[in-house]
Amino acid sequence: MEETFSETFEAALEKSRKLEADLIQNPAKYKILTGDRPTGRLHIGHLFGSLQNRVRLQNLGVPTRIVIADYQVLTDHDSFENIAQYIQQLTIDYIAAGLDPENDRTFIFPHSHVPELNQLLLPFLTLVTMSELDRNPTVKEEIQAAGLSRINAGMYTYPVHQAADILFCKGTVVPVGKDQLPHLEITRQIARRFNERYAAKQSVFPEPQPLLSKAPMIKGLDGGQKMSKSRNNAIMLCHTEDETAKLIKKAKTDGERVITYDPVNRPEVANLLMLISLCTGEEPQAIADSIGEGGGGMLKNRLTEALNEYLRPHRAKRAELEQNPEYIQQVLRKGIAKAREEASATLEEVRQVMNMVI
């Protein structure tokens with residue numbers, strides 16, 4: 001039986017801690033691959049949940065590749081009219097958040113523009129079984145979340161395409177949440193099986209390690225579900241200060257006047273306190289104590305002030321970038337060129353070990 005990467009989440013967490021420590025000491029020996037699907041604009045959940053961590057790792061000196069997974073939108077979305085616009089908006093928010101495409105370590109690209117990357121999909125598909133794809137819990141959850149009654153083959157091969165995204169540049173670290181570990185395990189299996197089958201003497205692909213996120217799950221303004229544009233409970237990074245204030249005013253709290261931090265019994269209030277904490281660095285309990293009998297109105301005012309102050313530099317940079325679409329195109333073209341260069345080198349190596357060079 002083939003060895004699995006992690007028998008328990010606790011084991012994966014311990015390996016992630018050791019990886020984090022070594023990343024700080026030896027950033028240049030790693031390469032990070034991460035990204036997003038262009039299904040809409042980004043919100044503050046993305047900023048606190050992933051973007052800030054990407055910037056932190058980049059600033060440590062880790063080579064960083066950001067893939068905009070546009071082909072993968074087609075697996076569970078019928079609409080494709082706005083994909084190009086969303087790619088541009090994602091890029092704007094990436095740069096406004098602090099990702100630096102000028103440092104020669106960070107590159108942003110849409111994977112539909114890297115044909116060499118997608119050529120890895122065919123040999124990779126021969127290295128996994130249908131039963132492995134069928135029982136992937138992440139795919140099952142995504143099918144359920146999308147409410148699909150007609151499931152296309154792209155949904156099942158999604159983890160294999162993700163493996164190509166990671167391995168084309170020989171990514172060694174992938175920041176993930178607990179729910180994404182099964183996807184990354186398929187990538188590790190593909191790398192392992194390719195090396196065993198075709199490159200026993202000298203491995204072609206590394207087995208990428210998961211870097212588990214330390215960020216809390218950012219709940220929406222309803223306080224019950226994960227923040228999401230589709231659930232109408234999100235504050236988008238492109239919102240103005242006035243729009244942000246109006247949304248927070250409608251946020252759900254409860255009937256108790258005294259503000260306390262109690263995530264179990266008062267999840268809506270606790271969520272707003274956590275958002276303030278993420279902006280100011282204060283502990284949620286201390287914020288609750290300072291508001292006291294001020295009630296939900298004071299809580300919402302405090303969050304409005306903290307969030308608008310925190311987002312002010314991002315919004316200023318964002319406005320500047322929106323006035324310069326040529327620069328955004330330049331960033332993407334540079335990222336595509338770098339990705340194609342890396343993918344071509346990897347594909348040539350793959351052809352050689354598979355005896356397909358003519």
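Lysine 170 counts as partly exposed, because its relative accessibility is 25%, where buried means under 20% relative accessible area, exposed means over 50% and partly exposed lies in between, with a 1.4 Å probe and protein chains only. The model is a predicted one, in which local features need pLDDT of at least 70 and side-chain atom pairs count only at pLDDT 80 or more, while totals for chains, interfaces and linings use all residues. Residues are numbered from 1 along each chain as its sequence is written, and side-chain values use heavy atoms, with hydrogens and water left out.

Lysine 170 sits in the loop between H8 and S4; helices (H or I, at least four residues) and strands (E, at least two) are DSSP runs, numbered from the N terminus. Most residues other than glycine have a negative phi. Lysine 170, although not a glycine, has a positive phi of about 60°. Asparagine 232, also not a glycine, has a positive phi of about 55° and is found in the loop between strand S5 (209-212) and H10. With a relative accessible area of 73%, asparagine 232 is exposed.

The next topic is the largest pocket, whose volume is about 2200 Å³. On a 1 Å grid over the protein atoms alone, a pocket is an open set of points with protein on both sides within 12 Å along at least five of seven lines, whereas a cavity is a set of points where a 1.4 Å probe fits but cannot get out; lining residues have an atom within 4 Å of a point. Grid points are joined across faces, edges and corners, and a volume is the space filled by probe spheres set on the points. The largest pocket is lined by 50 residues, and those nearest its centre are Asp36, His46, Asp179, Gln180 and Lys226. Two or more lining residues come from each of strand S1 (32-36), helix H2 (44-60), helix H7 (137-146), helix H8 (153-167), strand S4 (173-176) and helix H9 (181-198). H2 gives the largest share of this lining, six residues. By class, the lining has 17 nonpolar, 20 polar and 13 charged residues, where Ala, Val, Leu, Ile, Met, Phe, Trp, Tyr, Cys and Pro count as nonpolar, Asp, Glu, Lys and Arg as charged, and the others, Gly among them, as polar.

Helix H8 also holds proline 159, which is buried, with a relative accessible area of 0%. Proline 159 and valine 139 are 20 residues apart in sequence, and their C-alpha atoms are 8.0 Å apart in space.

Side chains of opposite charge can pair when their charged atoms come close. The count comes to 23 salt bridges, a salt bridge being a side-chain nitrogen of Lys or Arg within 4 Å of a carboxyl oxygen of Asp or Glu. Glutamate 241 forms one with arginine 312, and their closest N and O atoms are 2.9 Å apart. Because glutamate 241 lies in helix H10 (residues 241-249) and arginine 312 in helix H13 (residues 295-322), the pair ties together parts that are 71 residues apart in sequence. Glutamate 241 is partly exposed at 30% relative accessibility, and arginine 312 is partly exposed at 38%.

Aspartate 254 forms a salt bridge with arginine 266, again with the closest N and O atoms 2.9 Å apart. Aspartate 254 and arginine 266 are 12 residues apart, and each lies in the loop between H10 and helix H11 (267-280). Aspartate 254 is partly exposed, with a relative accessible area of 29%, whereas arginine 266 counts as buried at 4% relative accessibility.

Within helix H13, glutamate 322 and arginine 318 lie four residues apart, about one turn of the helix, and their side chains meet in a salt bridge (3.3 Å, N to O). Glutamate 322 counts as partly exposed at 37% relative accessibility, while arginine 318 counts as buried at 4%. Elsewhere, salt bridges that share partners join Glu185, Arg188, Arg192 and Glu207 into one network.

Helix H13 also contains methionine 298, which is partly exposed, with a relative accessible area of 37%. The C-alpha atoms of methionine 298 and phenylalanine 205 are separated by 54 Å, with the two residues 93 apart along the chain.
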